[in-house]
Amino acid sequence: MSGRGDLWVIVPAHQEEERLAGTLRALAAQRDRDFTLLVVDNASSDRTGIIARDFATGAPFPVEVLEEPEKGVGCAVDTGFRHAIEQGATLLARTDADCLPRPGWTQAARAAMTGRPGPSMVCGRVVARRDEHGPLGRAGFSALVSLAALFGRLRPAHARRNGYLAPYRMHAGNNMAITADLYLACGGMPRRPSPTDRLFLNRVRRKTDRIVRCPAMVVENSTRRLRAYGIRGTARWYLDQGSGGRGDDPR
């Protein structure tokens with residue numbers, strides 16, 4: 001363990017005692033472990049915070065656990081990112097407490113962000129978790145994400161003529177990295193419940209055109225919405241993420 005470095009990984013977590021341990025194991029298995037992990041316990045009433053603190057005692061990198069009492073993924077992410085920046089972070093990466101970053105995730109994020117000329121924000125590739133659904137469920141998940149991304153690109157409100165510096169590409173909050181300077185310049189993550197990803201991306205698009213995709217940054221995403229909401233309910237959720245069903249960032 002090399003101590004605190006420039007890269008911090010932030011994981012917001014609300015009521016994730018069943019899945020958080022898997023996410024922490026996936027982070028411990030990273031090939032590049034020169035980072036500080038920050039778990040933000042977002043008003044959980046289960047063992048989420050305890051699991052994170054227990055992991056910290058034997059983790060192969062520094063671990064901090066913060067409590068954010070205001071419910072909402074945007075609140076948890078913003079609190080976590082700002083805390084990391086206050087502690088000296090210059091590069092920030094995020095995944096979620098029900099996701100499994102593949103072993104090369106942090107390595108790919110660092111390489112993408114520190115290249116020349118380096119981007120200000122990197123978006124990775126999201127695939128379905130292999131332990132939650134069979135091939136049909138994973139294919140359905142992939143189709144829903146692609147559909148949401150297409151609707152987002154076609155939506156007139158997302159066109160560059162509206163003052164955006166970069167083209168619209170659906171941004172998965174559970175697989176991204178950004179510089180501390182850009183995070184602060186764009187105003188940070190909206191402090192609200194989900195959906196927040198589209199709103200945050202549009203804030204970033206107003207500040208820079210240096211947004212790139214990094215296919216080597218791969219995170220396995222939970223497909224539990226498919227089980228809980230079915231195809232139609234999950235489709236509505238993903239279309240809202242991509243197409244702006246609840247209104248765009250007013251700024």
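Visitor: Is C75 buried or exposed, and what is its relative accessible area?

Guide: A word on the source first: this is a predicted model, in which local features need pLDDT of at least 70 and side-chain atom pairs count only at pLDDT 80 or more, while totals for chains, interfaces and linings use all residues. Residues are numbered from 1 along each chain as its sequence is written, and side-chain values use heavy atoms, with hydrogens and water left out. Buried means under 20% relative accessible area, exposed means over 50%, and partly exposed lies in between, with a 1.4 Å probe and protein chains only. C75 has a relative accessible area of 1%, so it is buried.

Visitor: How many disulfides does a search of the whole structure find?

Guide: A disulfide is a covalent bond between the sulfur atoms of two cysteines, and here it is counted when a pair of cysteine sulfur atoms lies within 2.5 Å. The search of the whole structure finds zero disulfides. For C214, the nearest cysteine sulfur is that of C123, 9.9 Å away, and C214 is itself buried, with a relative accessible area of 11%.

Visitor: How should I read helix α3, and which of its residues are buried?

Guide: An α-helix has 3.6 residues a turn, so residues three or four places apart point the same way. Helices here are DSSP runs (H or I, at least four residues) and strands are runs of E of at least two, both numbered from the N terminus. The expected span of a helix is 1.5 Å times one less than its number of residues; for the 14 residues of α3 (residues 73-86) this gives 20 Å, and the end C-alpha atoms are 20 Å apart, which agrees. The buried residues of α3 are G74, C75, A76, V77, D78, G80, F81, H83, A84 and I85; with 10 of 14 buried, α3 is therefore largely enclosed by the rest of the structure. These buried residues pack, with contact meaning heavy atoms within 4.5 Å, against β1, β2, β3 (63-67), β4, β7 and α6 (180-185).

Visitor: Which residues have the most contacts inside the largest nonpolar core?

Guide: In soluble globular proteins, nonpolar side chains tend to be buried together. A nonpolar core is a set of buried Ala, Val, Leu, Ile, Met, Phe, Trp, Tyr and Cys residues joined through side-chain atoms within 4.5 Å. The largest core has 31 residues, and V9, L37, F55 and F61 have the most contacts inside it. Among the elements that each supply at least two of its residues are β1 (7-13), α1 (20-28) and β8, while α4 gives the most, with five. Apart from this core lies another, of 28 residues, including W8, V77, I85 and A166.

Visitor: What are the pairing partners of strand β6?

Guide: Two strands pair if DSSP finds at least two bridges between them. Three bridges join β6 to β7 (residues 176-179) in an antiparallel arrangement, where C123 stands opposite M176. With β8 (residues 211-221), β6 pairs in the parallel sense over eight bridges, and R125 has V218 as its bridge partner. Six of the eight residues of β6 (residues 121-128) are buried, so this strand is largely enclosed by the rest of the structure.

Visitor: Where is Q15 found?

Guide: Most residues other than glycine have a negative phi. Q15, in the loop between β1 and α1, has a positive phi near 55 degrees. A43, in the loop between β2 and α2, likewise has a positive phi near 55 degrees.
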